[in-house]
Amino acid sequence: MTANDPDARALTPRDVAVRAAVADDVAGICGFGEAHVRAHYAPLIGTAAADEQVRRWWSPQYVGAAVAAGDVVVAERDGRVVGVAQHGRAGHDHVVYKLYVAPGLRGSRLGPRLVAALVERLPPDVDRLFVEHVAANRRAAAFYEREGFAVDHVDPHPSGDPALGTVWRMRTLRR
């Protein structure tokens, strides 16, 4: 199934469940990261940096702690993790730190469902949500623009490479 496949766009909630992650999901989430994150990021930030992303942010220890804190939602299809979203905090602000959909399901509206599931888990007084992504990730930039996240600021990368800067976007929540 590809992103242009009509079957991908026609997924219904019965086809893919989006729900809070539980401890039994940790191995599947880590496996999802191993399978998809490195391949996605290597062309954008280089192989070594992509490997570090997987080691640091997709390890059983890190994922397990995030799941235990209630910060992760998963999309599951036929018993397999096919999407992951995670939020956290940067000071007082709530931030989406992970949002990944299996390549064959991109374009199926699963990304917006994962964002909505994170928003539902936020405290009711939260009125804005941030997301961060590497500047070179044009696919993420386009997705977040479509979902109403406007650029707030860009943190330059220590190397000075503008493609490696961190783009911070913000969306006002209307709940």
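**Entry 1: ring pairs.** I count two rings of Phe, Tyr or Trp (its six-membered ring) as a pair if their centres lie within 6.5 Å. The model I am looking at is a predicted one. With that rule in hand, I looked up the number of aromatic pairs and got six.

I began with Tyr41 and Tyr100, whose ring centres are 6.3 Å from each other, with 70 degrees between the planes. Planes over 60 degrees apart count as edge-to-face, and this pair is edge-to-face. Where do Tyr41 and Tyr100 lie? I found Tyr41 in helix α2 (residues 26-45) and Tyr100 in strand β4 (residues 93-101), so their pairing ties together parts that are 59 residues apart in sequence.

Next I asked myself: is Tyr41 buried or exposed? Its relative accessibility is 10%, and I use under 20% as the cut-off for buried, so Tyr41 counts as buried. Tyr100 is buried too, at 12%.

Then I turned to Tyr144 and Phe149. Their ring centres are 5.6 Å apart and their planes meet at 75 degrees, so I noted this pair as edge-to-face. Tyr144 is buried, with 6% relative accessibility, and Phe149 is buried at 1%.

**Entry 2: a cluster and a charge.** Which residues do ring pairs link into a cluster? I wrote down Phe32, Tyr41, Trp58 and Tyr100. Trp58 also has Lys98 lying over its face, 4.4 Å from the ring centre.

**Entry 3: the core.** I looked up the largest nonpolar core and found 46 residues in it. Among those with the most contacts inside it are Ile29, Trp58 and Tyr144. Helix α2 supplies the largest share of this core, seven residues.

Entry 4: How many strands form the open sheet? I found seven, in the order β1-β2-β3-β4-β5-β7-β6, with mixed pairing. The edge strands are β1 (17-20) and β6 (150-155), each of which pairs on one side only. From one strand to the next, the twist averages 25 degrees.

I then picked out β2 (residues 72-77) and β3 (residues 80-90), which run antiparallel and are joined by six bridges. Here Arg77 stands opposite Arg80 of β3.

**Entry 5: helices on the sheet.** Back to α2: this helix packs on the sheet and touches β2, β3, β4 and β5 (128-134), its direction making about 75 degrees with that of β3. I also checked helix α6 (residues 138-146), which lies across β4, β5, β6 and β7 (166-172) and runs at about 165 degrees to β5.

How values were computed: Residues are numbered from 1 along each chain as its sequence is written. This is a predicted model: local features need pLDDT of at least 70, side-chain atom pairs count only at pLDDT 80 or more; totals for chains, interfaces and linings use all residues. Side-chain values use heavy atoms; hydrogens and water are left out. Rings of Phe, Tyr and Trp (its six-membered ring) pair if their centres lie within 6.5 Å; planes under 30 degrees apart count as stacked, over 60 as edge-to-face and the rest as tilted. Helices (H or I, at least four residues) and strands (E, at least two) are DSSP runs, numbered from the N terminus. Buried means under 20% relative accessible area, exposed over 50%, partly exposed in between (1.4 Å probe, protein chains only). A charge sits over a ring if NZ of Lys or CZ of Arg is within 6 Å of the ring centre and within 35 degrees of the ring normal. A nonpolar core is a set of buried Ala, Val, Leu, Ile, Met, Phe, Trp, Tyr and Cys residues joined through side-chain atoms within 4.5 Å. Two strands pair if DSSP finds at least two bridges between them. Axes are lines fitted to C-alpha atoms, for helices over the stretch in contact, and angles run from 0 to 180 degrees between N-to-C directions. Contact means heavy atoms within 4.5 Å.
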